[in-house]
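Subject: The two-chain model, with notes

Hello,

Here is the structure I promised to pass on to you. Please open it next to this email and look up each residue as you read.

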Amino acid sequence: MSFEIPKIKYNGQIKESTLGEGQSGFRVGGQNCFPFHFFEGSMPNLPRIAMEVYDYPPEGWPATAVEPFRDVIDNPARWAQKCVREYGAEMICLQLASTDPNGLDKSPEEASQIVSEVSRAVSVPLIVWGTANPEKDSQVLVKVAQTCANKRLIIGPVEEKNYKAVAEAAIKYNHTVIASSPIDINLAKQLNILLTNSGVSAENILIDPTVSSIGYGIEYAYSVMERIRIAALTQQDDKLQMPIICNVAREAWKSKEAKMLFEEAPELGDETKRGILLEAISAMVLLLAGGDIMIMRHPQAISLVKDIIKELAN
Amino acid sequence: MALSGIEIFKLLPKTNCGDCGVPTCLAFAMSIAAGKAELDKCPHLSDEARTRLEEASAPPIRPVSIGAGERLVKTGGETVMFRHEKRFENPAPIAFITSDSLDEKQMNRQFNLFNTLRYERAGNSLKAEMLVIRYDSANQEKYVSAVEQALADTDASLILMCDEPAVLEKALLVSASTRPLIYGADSENIESMLELARKFDCPLVVKGKNVENLIALSEQITATGFKNLVLDSGARTLKQSFTDQIAIRRAALNSKFRPLGFPTIVFPCEMTDDPLKETLYASILIAKYAGIVVMSDIQAEALFPLLVERLNIFTDPQRPLATKEGIYEIGGPDENSPVLLTSNFSLTYFLLTGEIESSRVPAYLLVKDTEGLSIMTAWAAGKFSADNICEFIKKCGIEEKINHRKLIIPGYVDFESSGIEEELEGWEVLIGPREGAHLPAYLKNWGK
């Protein structure tokens, strides 16, 4: 007998966003089906991976995560270049960790100096991520937007508390914003409404649902993302049809299981492979739930996930 | 799906004989619909009516039990496509392959790893549940002895992977009481495999060349009344396997298509030689609908991530994971160490222990029962406020462990500090950071 897969009737589509500029720019989104459901729809733009760069030598990383970047870890511009040249990064995410008021508390001027150095060093699309301190992020991101006018940066996290100032700067200086909400579909929608009402075009918004890693409650983000996709694709909710970005690497690598050495916990196995798998599986689970951009760290975790995206597509 | 009382009533004898213990057939029908009575109570039901009623009330994906006693595992019984709709019922058992041609040392290593790689997390015991004993040796005695050894050395639920009915029968003679899963029936051997499954009362994998072929075989088997089936669609690439899993789950749930209304088995072990890739494949199929996941070799660094992923995906969305209330000692604290208070929402607990460990400042973490709610939700629900916090502090026994009286509370409930100080005589309340990430910096300055 012949068997037909029971198909879903989709009536919506994810908006297509153009990220970056020139030849290294690309589009994300545009799909009209659930992730990798090629038997009933199309994903014209496959999910992308952005490689992390930190604006100062990160602390508390396990050796596995430091090793690939050891020679460039104190120089964000060279770090970004290494990601592109050596590891084939198609996108960079600069984490402005040094601006944290509870940490080094670097000024908006210092931060935007680093951003412009990195943006001159690489031509791929550049994400600039703050510290989730709404007040400080607002100052930093506005300054960054201005300094790198028309560079088509992707800036965030933009929250309900600081969206006005950042949205205004993003419109004025032509950047994309990351709309960040705390694992809640209604808050995600509300922020998108606020942003579009203040003049940001829907094509210049990415949704950050706030994610965690496997073993640390990834199911919350997983289900919120699935619900966002169901609303976007089957309920024509155009306020949730933006591509989704997941800042997942830092979550995966901060867990104690990613840090413990084999000698400390032999029952957890080889620490290098374990760290890579914790990151790669976390990213994979979020891709299954609807992620369009994964911010990742370890080159081997990235190449694994890229391979699998291709296998699911071809 | 479930029938209404009226629909059930139409199939009953309508004699109102009362033999079922209820005065009328209608009342009996209503009790069945409400799940309060068993169909078997009616001695006069026709076979035809019984079959129809049983079919109509059966779950869309049949739950299948494999193993017995401590080896019992359940798969299937799923009712939704997305976990937020209800919950995923039975975490897909993870199986590892043991070839019967391994030498004794290798086999012992496998069994030993199987027994020792176990993890405790939020009150759950995480482990691989199954072993596949694969017939590679072409030697009947070797196969039977591998099965015997697996049963003697481990508490695994077994899958007997063997395509020679005569050898399989010998293995079943020594293992049938543990109800192993037989792998499996295909177009060539369907009669003999089904006969063995019936004879030894064991669940059976039906293996199609593709989904169409699987349906044909499943129909052939279920027509005989045999229902303890597990489905293998034959896919051995990630993409085909992923697609088949979605197709089978949708056909069973959305189209109520009975031949596919059984749990599935998938084989990442046969899709690649790269262990990391195999683990990623398994992670995808755990999230997307596999009933049993078969892996090649046991590696701790791969098993642990898969187990925590599975725990997360199969967590009931209505009931957050909760940690047990009590005093948690981190890093060997002494009588001068800081004391921190938090809720028993597992995520908060995991994050805080991680941050305290990385601060390298030994500390006591007091976990108060908030029914698994996070700090702010628990506070809003009245489960994390001054009065019940004080009650907990007094009874938990922390006062005997320390010679100071300083309590660090979460930054988000700073407004409860004076209330706590009022009720907890002699205690000083300190406001901790709002975010766990800021805890190491905070602790390093503690006492300075």
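Below are my notes on what was found.

This is a predicted model, in which local features need pLDDT of at least 70 and side-chain atom pairs count only at pLDDT 80 or more, while totals for chains, interfaces and linings use all residues. Residues are numbered from 1 along each chain as its sequence is written, chains are lettered from A and ligands numbered from 1 in the order in which they are written, and side-chain values use heavy atoms, with hydrogens and water left out.

**Chain B as a whole**

Chain B has 16 helices and 17 strands. Helices (H or I, at least four residues) and strands (E, at least two) are DSSP runs, numbered from the N terminus. The C-alpha trace of chain B spans about 80 × 65 × 35 Å along its principal axes.

How many of the 448 residues of chain B count as buried? The share is 56%. Here buried means under 20% relative accessible area, exposed means over 50%, and partly exposed is in between (1.4 Å probe, protein chains only). The accessible surface of chain B is about 18,800 Å², and carbon and sulfur atoms account for 48% of that. Such areas come from the Shrake-Rupley method with a 1.4 Å probe, and for residues only the protein chains shown count as cover.

Next, contacts (heavy atoms within 4.5 Å). If you take those in chain B between residues at least 6 apart in sequence, 67% join residues at least 24 apart.

Chain B carries 48 positive and 62 negative charges, and their mean positions are 3 Å apart. Lys and Arg count as positive and Asp and Glu as negative, without His and the chain ends. Each charge is placed at NZ of Lys, CZ of Arg, CG of Asp or CD of Glu.

**Some residues to look up**

Start with Ile375(B), which is in helix H13 (residues 375-380) of chain B. Ile375(B) is buried, because its relative accessible area is 10%. Beyond its neighbours within four places in sequence, Ile375(B) touches several residues, including Thr342(B), Phe384(B), Pro410(B) and Tyr412(B). The C-alpha atoms of Ile375(B) and Asn344(B) are 8.7 Å apart, although 31 residues separate the two along the chain.

Tyr412(B) sits in the loop between strand S16 (406-409) and helix H15 (417-423) of chain B. With a relative accessible area of 30%, Tyr412(B) is partly exposed. Together with Met376(B), Trp379(B) and Phe415(B), Tyr412(B) makes a nonpolar surface patch of about 350 Å². Patches are made of residues with over 30% relative accessible area and no salt bridge; like charges are joined within 9 Å, and nonpolar side chains (Val, Leu, Ile, Met, Phe, Trp, Tyr) within 5 Å.

Ala386(B) belongs to helix H14 (residues 386-396) of chain B. Is Ala386(B) buried or exposed? Ala386(B) is buried, since its relative accessible area is 10%. Apart from neighbours within four places in sequence, Ala386(B) is in contact with Glu416(B), Gly419(B) and Ile420(B).

In chain A, look for Asn192(A) in helix H6 (residues 185-197). Asn192(A) is buried because its relative accessible area is 0%.

**Salt bridges**

A salt bridge is a side-chain nitrogen of Lys or Arg within 4 Å of a carboxyl oxygen of Asp or Glu. By this rule there are 34 salt bridges over all chains.

- Glu90(A) and Arg48(A) form a salt bridge at 2.9 Å, N to O. The pair links distant parts of the chain, 42 residues apart, with Arg48(A) in strand S3 (residues 48-54) of chain A.
- Lys256(A) and Glu357(B) form a salt bridge at 3.8 Å, N to O. This pair crosses between chains, from helix H9 (residues 256-259) of chain A to helix H12 (residues 346-359) of chain B.
- Lys127(B) and Asp155(B) form a salt bridge at 3.6 Å, N to O. The two are in loops of chain B, 28 residues apart. Lys127(B) is buried at 18% relative accessible area, and Asp155(B) is buried at 17%.

There is also a network of salt bridges that links Lys86(B), Arg87(B), Glu89(B) and Asp316(B).

Happy exploring!
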